[in-house]
Amino acid sequence: MGLRVLAAMSGGVDSAVAAARIAEAGHDVTGVHLALSSNPQSYRTGARGCCTIEDARDARRAADVIGIPFYVWDMAERFHRDVVEDFVEEYAAGRTPNPCLRCNEKIKFAAVLDRALALGFDAVATGHHARLEGGVLRRSVDRGKDQSYVLGVLTREQLAHAMFPLGDSTKAEVRAEAARRGLAVADKPDSHDICFIADGDTRGFLAERLGAEPGPIIDALTGEVIGRHEGAYGFTVGQRKGLRLDRPASDGRPRYVLSIEPASNTVTVGPRQALEVTSITAERPVWNGPIAEPREPISCTVQLRAHGEVYGCRVQATGDTLHISLDSPATGVAPGQAAVLYDGDTVIGSATIGSAA
């Protein structure tokens, strides 16, 4: 007998094919679209969209083709509190959050999963490109589309009630299958960037909520003030463009954001090599792999950004802190991002980057 499965349907091709596969496998599937904005017109539409009225219509049409019940759940208040406000607060504190990761953690596999279980469902399914085998999270076979990084914050309990039906397929195979099934979203472009910033202007979005806070931009090598900014929250570690410096570096090479200090409202810039770090401290670890929290240092790999490079490392867990020593230097390591640990293709845990040196 099949499971009762709630299929989260974003309106894109991935979630539609995921729902179709689960239904075809004999499970009792109900589709649900999450309404995440009290003012959907403020969110992105078309090729750059996610979670819009247009997406809700596409999800409903896909559910009709698959032949499953379909509902819209209003999660706007929870999304605003746990994702949008968190995003603003993190930038104000000099960190760089990942809102998609936070949405998975707080909305899809917390608020939605809790409600689904209360209603008698056994699992929540999504169109993420990742594999789930025996409750263990693994990378998708399509490494270019792999989303295990943004799922790496989920707990074992959440993974036990999750389904990711697309992990064994490439994106091209998913689109071809959607076309065969008669799903109108087969050629719909993927969503990009941040769904709740309608024009894609993150700095403008933050300025509207945090106000102008002028401060200095300092050269790390000379200590001189070489520019001014309207808010340190408009920068992220590793950023090169949009610095608006008063004069070029003496060697003519680009300068990058090295650090952001919200207390003094100072942004420090310097050469690319000054971005290199080999030691990372990360907080609030989640151990969701096949092993419990390690008592001794372990050797594994770590990914520090969505679709970022993977580094060999050695990890020591001390209570609520991870000490990560990289085998080779990484650049652009920003506090607030997730450090997701892997053993080969298998996720073994994650934590939030606090500092790097």
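User: In this predicted model, does Thr268 count as buried or exposed, and at what relative accessibility?

Analyst: The model is a predicted one, and Thr268 is found in strand E11, residues 266–270. Buried means under 20% relative accessible area. Thr268 therefore counts as buried, at a relative accessibility of 18%.

User: Which residues is Thr268 in contact with, leaving aside its neighbours within four places in sequence?

Analyst: Contact here means heavy atoms within 4.5 Å. With neighbours within four places in sequence left aside, the residues in contact with Thr268 are Ile218, Ala220, Tyr256, Val257, Leu258 and Ser259.

User: In which strand is the place of Tyr256, and is Tyr256 buried or exposed?

Analyst: Tyr256 has its place in strand E10. Its contacts, leaving aside neighbours within four places in sequence, include Gly238, Leu243, Thr268, Val269 and Leu275. The cut-off for buried is under 20% relative accessible area. At 12% relative accessibility, Tyr256 therefore counts as buried.

User: What separates the C-alpha atoms of Tyr256 and Arg305?

Analyst: Along the chain, Tyr256 and Arg305 are 49 residues apart.

User: Where is Asn265 placed, and what is its phi near?

Analyst: Asn265 lies in the loop between strand E10 (256–261) and E11. Asn265 is buried, with a relative accessible area of 12%. Its phi is positive in a residue other than glycine, with a value near 60°.

User: Arg284 has a positive phi although it is not a glycine; is Arg284 buried or exposed?

Analyst: The phi of Arg284 is about 50°. Arg284 has its place in strand E12, residues 277–286. Exposed means over 50% relative accessible area. At 52% relative accessibility, Arg284 therefore counts as exposed.

User: How are helices H3 and H4 oriented relative to each other?

Analyst: H3 and H4 pack at an angle of about 160°, with their axes 10 Å apart. Angles over 145 degrees count as roughly antiparallel. H3 is therefore roughly antiparallel to H4.

User: Which residues make the contact of H3 with H4, and how many of them are nonpolar, polar and charged?

Analyst: H3 passes H4 in a right-handed crossing. From H3, the contact involves Arg78, Phe79, Asp82, Val83, Asp86 and Phe87. From H4, it involves Pro99, Arg102, Cys103, Lys106, Ile107, Ala110 and Ala111. By class, the residues in this contact are eight nonpolar, no polar and five charged.

User: Where is Arg115 found, and what is its relative accessible area?

Analyst: Arg115 is found in helix H4. Leaving aside neighbours within four places in sequence, Arg115 is in contact with Trp73, Asp74 and Met75. Arg115 and Ala351 are 236 residues apart along the chain, and their C-alpha atoms are separated by 26 Å. Arg115 is partly exposed, with a relative accessible area of 35%.

User: How many residues has the largest nonpolar core, and which element supplies the largest share of this core?

Analyst: The largest nonpolar core has 43 residues, and those with the most contacts inside it are Phe79, Phe87 and Phe196. Elements that each supply at least two residues of this core include strand E2 (28–35), helix H3 (76–92), helix H4 (99–118) and strand E16 (338–343). In soluble globular proteins, nonpolar side chains tend to be buried together. The largest share of this core, eight residues, comes from H4.

User: Which residues does Phe87 touch, not counting residues up to four places away in sequence?

Analyst: Phe87 is among the residues with the most contacts inside the largest nonpolar core. Not counting residues up to four places away in sequence, Phe87 touches Pro97, Pro99, Ile194, Phe196, Ile197, Thr202, Phe205 and Leu206.

User: How many residues are in the second, separate core?

Analyst: This second core includes Ala7, Val17, Ala19 and Ala186. It is separate, and its number of residues is 24.

User: How are helices H1 and H7 oriented relative to each other?

Analyst: H1 (residues 13–24) and H7 (residues 171–180) pack at an angle of about 70°, with their axes 10 Å apart. Angles of 65 to 115 degrees count as roughly perpendicular. H1 is therefore roughly perpendicular to H7.

User: Which residues of H1 and H7 make the contact?

Analyst: H1 passes H7 in a left-handed crossing. By class, the contact has four nonpolar, no polar and five charged residues. The residues are Val13, Asp14, Val17 and Arg21 of H1, and Lys171, Val174, Arg175, Glu177 and Ala178 of H7.

Technical notes
Residues numbered from 1 in each chain as written. Predicted model: local features only at pLDDT ≥ 70, side-chain atom pairs only at ≥ 80, totals over all residues. Heavy atoms only, no water. Axes fitted to C-alpha atoms, helices over the stretch in contact; angles between N-to-C directions. Helix = DSSP H or I, 4+ residues; strand = E, 2+ residues; numbered from the N terminus. Parallel < 35°, antiparallel > 145°, perpendicular 65-115°, else oblique. Left-handed = near helix turned anticlockwise from the far one by under 90°. Nonpolar A, V, L, I, M, F, W, Y, C, P; charged D, E, K, R; others polar. Core = buried A, V, L, I, M, F, W, Y, C linked by side-chain atoms within 4.5 Å. Buried < 20%, exposed > 50% of the residue type's maximum accessible area, 1.4 Å probe, protein only.
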